[in-house]
Amino acid sequence: MSDQDARFEDGREAPLNLGALDGDDLQVISSLAQDAVFPITEMKYDRKGRRFALLLNRFRWEDQGGTRHNPERVQAVLSFDNVLGVASQGIDRSDADMILSLLSVSFEAGDDGAGDILLTLAGDGGIRLSVEAIEVNLRDVTRPYTAPSKSTPKHDA
């Protein structure tokens, strides 16, 4: 097998571009973004535009080409609209070298479609987005590349 990165065309797979407008949709995005890693510097909140976004290195859980190549990651943008506020816990935002790992994305409903989107991070960290309504997008923005670990993420039971 060559050391060249795989291409979407090789697996006849297209880059993801998914939206979520309710809790069920958000669970799908959460499963596809699980184990994504990102530098703390790739986390942005546009207060005026009411948008929060992350540039992730996402593990390609949906990849069916595991018999043809090593496990892959892809850079993706995970964006949240209708964001009224952002709070974090267990994250040292002054540490520009910090790498975060996303475990899950969930929703705690409030009144009239509003609520909180919770981004649970490895190491007891978390980000809480107060939202007017769920409007989330996960979009791959690069071609897949071989995961640096050349392995699939594993979790303790």
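1. A quick word on terms before we start: helices (H or I, at least four residues) and strands (E, at least two) are DSSP runs, numbered from the N terminus. On that basis, this predicted model has two helices and 11 strands in its chain. Along the sequence, the elements follow the pattern α-β-α-β-β-β-β-β-β-β-β-β-β.

2. Some overall figures for you. Of the 157 residues in the chain, 39% are buried. Among contacts with a separation of 6 or more, 67% are between residues 24 or more positions apart. The chain exposes about 8,900 Å², and carbon and sulfur atoms supply 46% of that area.

3. Do have a look at Arg 58, which is found in strand S4 (residues 51-59). Arg 58 counts as buried because its relative accessible area is 0%, and the cut-off for buried is under 20%. Its side chain makes a polar contact with the side chain of Asp 140, at 3.0 Å. Beyond the neighbours within four places in sequence, Arg 58 is in contact with several other residues, including Leu 16, Leu 32, Glu 72, Arg 73 and Leu 138.

4. The second largest pocket also deserves a visit; about 160 Å³ of space lies in it. Which strands each supply at least two residues of its lining? They are S6 (83-89), S8 (115-121) and S9 (125-131), and S9 gives the most, with four residues.

Key
Residues numbered from 1 in each chain as written. Predicted model: local features only at pLDDT ≥ 70, side-chain atom pairs only at ≥ 80, totals over all residues. Heavy atoms only, no water. 1 Å grid on protein atoms, 1.4 Å probe; cavity = no way out; pocket = protein on both sides within 12 Å on 5 of 7 lines; lining within 4 Å. Points joined across faces, edges and corners; volume = space filled by probe spheres on them. Buried < 20%, exposed > 50% of the residue type's maximum accessible area, 1.4 Å probe, protein only. Polar contact = N/O pair within 3.5 Å; in protein donor to acceptor, adjacent residues only side chain to side chain. Contact = heavy atoms within 4.5 Å. Areas by Shrake-Rupley, 256 points an atom, 1.4 Å probe, with all protein chains shown as cover.
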